[in-house]
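Let's talk through how the chains of this complex meet. Here is the structure to look at first.

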Amino acid sequence: MDASSALELILTGDATLFAIVRLSLLVTLLATVCSALIGLPLGAVVALTAFPGRHAVIVIFNGLMGLPPVVVGLLVFLLLSRSGPLGDLGILFTPAAMVIAQTVLITPIIAALSRQVIEDLWAEYRDELTAMEVGPLARVKTLLWDARFSLVTILLAGFGRAAAEVGAVMIVGGNIENFTRVMTTTIALETSKGNLPLAIGLGVVLITLILVVNAFAWGVRHWSEAHAG
Amino acid sequence: MLDRAASTSATSVLGSDLPIRFAGVDYRVGAVLILCGIDLEIAGGPPTILLGPNGSGKTTLLKLAMGLITPTAGAITYGGRGMPAPGTRAFVFQKPMMLRRTVAANVGYALKAAGRRPDRLEIARLLAEVGLEGLDDRPARRLSGGEQQRLALARALARDPEVLFLDEPTASLDPASTKAVEDIVGRVAKSGVKIVMTTHDLGQARRLASEVVFLAKGRLIERTPAEAFFTKPSTDEARRFVAGDLVI
Amino acid sequence: MRIRHLAFAIAALAAAGLTTAPAAAQDKSIVVSSTTSTQDSGLFGYILPMFKEKTGIDVKVVAQGTGQALDTGRRGDADVVFVHAKAQEEKFVAEGHGVKRYDVMYNDFVLIGPKSDPAKVKGGKDILAALKAIHEAGAPFVSRGDKSGTHSAELRLWKAADLDPAGSKPSWYREIGQGMGAALNTASAMGGYVLADRGTWISFKNKEQLEIVVEGDDRLFNQYGIILVNPEKHAHVKKELGQQFIDWIVSAEGQQAIGSYKIDGQQLFFPNAKSGS
């Protein structure tokens, strides 16, 4: 097996490879969406509310952006293990556990960066929105919508981080063939088997996938900017 | 154009916000006293212009009158009440902030914020009133300076306010745009909306004012009907300002 | 409103994606924790489809180091444990984490080294003599250092040769804390010696300048065992399905399947389950 066979696998539509790619995208996209649902409102609230300890919270969010994936994996593993507090859910070694681990990993990124973006935008919008007597909830919605382009970039950063990590999904997913095996864990496995050219070929596939997602997002942004500014 | 002479929608159920009465108002930021000992009554009717050189505290006075900021000493009442009623005032800032949306969406947003339906016909009417008809789908940030200021006016009018506050709205505009904005302000004033506007431009004050409140260095120097102010100013500072002196 | 449509689409996606997984888990399946060397050898890819065809049971293999595999069993995160570290396995059962240990198969370890052979051990039949020579010469030696079955075997052999590089940590002894594939990659890159199981070695693709230098010594024997995780400690363990797997593995059919697995014409594993155990 070598690099050209990686290309062969892609072109002939090898079912196993496609299943792995499909699972990778599913897990990471879901994790990105969940992180957005938690991280964006969280970032907005911290940006707009004064509360004791606010600066400490901001520093902690920023620091958590650098959470090592393998540590996140280990923590989620201990949580979901049968011997752990959430063991009865029985979701260790399933894709659900992988989504949870990646969500934990990228929520701080989304919260920390959106906090900054929204705080900057609020500085600009504050006078006008106050004059229009816009209430707190409406303010959050307005800022989130008006910051949408920057926020999409932030989501892409989160997506990229999750798509590239192997430590968390390896530990909580178990790299089970046809079940929890994703691109990054496959690359790790093929490397450990000495199939280096194949591993690199798969690496190229992974990078291409991430680029495609980014190109798609860029296209959407370009279209919306032309139509709505 | 609707005549709001007998406007019932412009005043809230709580009654009018006018007159706005300042009693011994100070405004201090840190160690700096921006306004000192302001006693003033702004009543309904034709436009009141807050006139004065830059740094005289006009913008601060305007924001206090609107209720955007609160005095550090003294009190302000609105129609006899301590707080202005919601939804009765609108403010046009010197540098208008455009929402990152289309022109129509900006007006729609203002309507919704005022508790009114973002009706397409109403949006079109408001845009026509400020001369921006046909620009509905243009991204608001791509408008020229003059157009943005007019959009800000449309947003303010969307609130159907009793009082319209404007802070040097034409300070950064070219003469043609300035005229366009002044014309709109004039029409709005005639329709029954109370205008309170700041400017440092004598010419603009002459064109629009019916009553002048003259400020210098944080103090209220003179307050007179426009005609009297420009022909027979009673204070020394006012005289020097009308004569064109820079440092009052 | 567009946001609502988006939210609905996402919820549908999530439901579709995540229910295909647990739904599959509701079908007959078990989790077997095993070792990376066993997985890397390709044995599971060969015998598990046979088991699935016969019983319809999906076997999900989580491959880790031996220590981690046993720990997974201890925690109840697997139904069956299948490793090659007899002493640790017997302790596992004695401590009540497993029901019963069955012998399954053996393969052997081989000493791998660079073609340049700095310690001059090639062709020897005595592993202890070879280790002593490597120690004398201070030739680079890669240890897995991860408490795996292979690592335990390596430490046993050093001890038998009266040496303790794991304790004294001389600079030529490199503990990497990773699996067999990584150890082989490292040995290949640094021109060093490494103890490997034959199975992983045969299917390893990056041999480059490495070759077998010592083999055939009885002390290089590597026994595999299989254990059902104790359902009394973990009520959710799928004991019937797990036992079915164990029964099949030690049956004539399973043993024959194991013996018939070959790479490049070479048999990797030698079945030795005791009949009637």
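This is a predicted model: local features need pLDDT of at least 70, side-chain atom pairs count only at pLDDT 80 or more; totals for chains, interfaces and linings use all residues.

Residues are numbered from 1 along each chain as its sequence is written, chains are lettered from A and ligands numbered from 1 in the order in which they are written, and side-chain values use heavy atoms, with hydrogens and water left out.

Q: How many salt bridges are there between chain B and chain A?
A: A salt bridge here is a side-chain nitrogen of Lys or Arg within 4 Å of a carboxyl oxygen of Asp or Glu. A:Asp146 and B:Arg101 make one, at 2.6 Å from N to O. The count for chain B and chain A is six.

Q: Which three residues supply 35% of the area that chain B buries against chain A?
A: Buried area is the accessible area (1.4 Å probe) that two parts lose on being put together, summed over both. For chain B and chain A that comes to about 1,800 Å², with 50% from carbon and sulfur atoms. More than any other three residues, the suppliers are B:Met97, B:Arg100 and B:Tyr109.

Q: How many salt bridges are there between chain C and chain A?
A: Chain C and chain A bury about 2,300 Å², and carbon and sulfur atoms give 65% of that. As for salt bridges, the count is zero.
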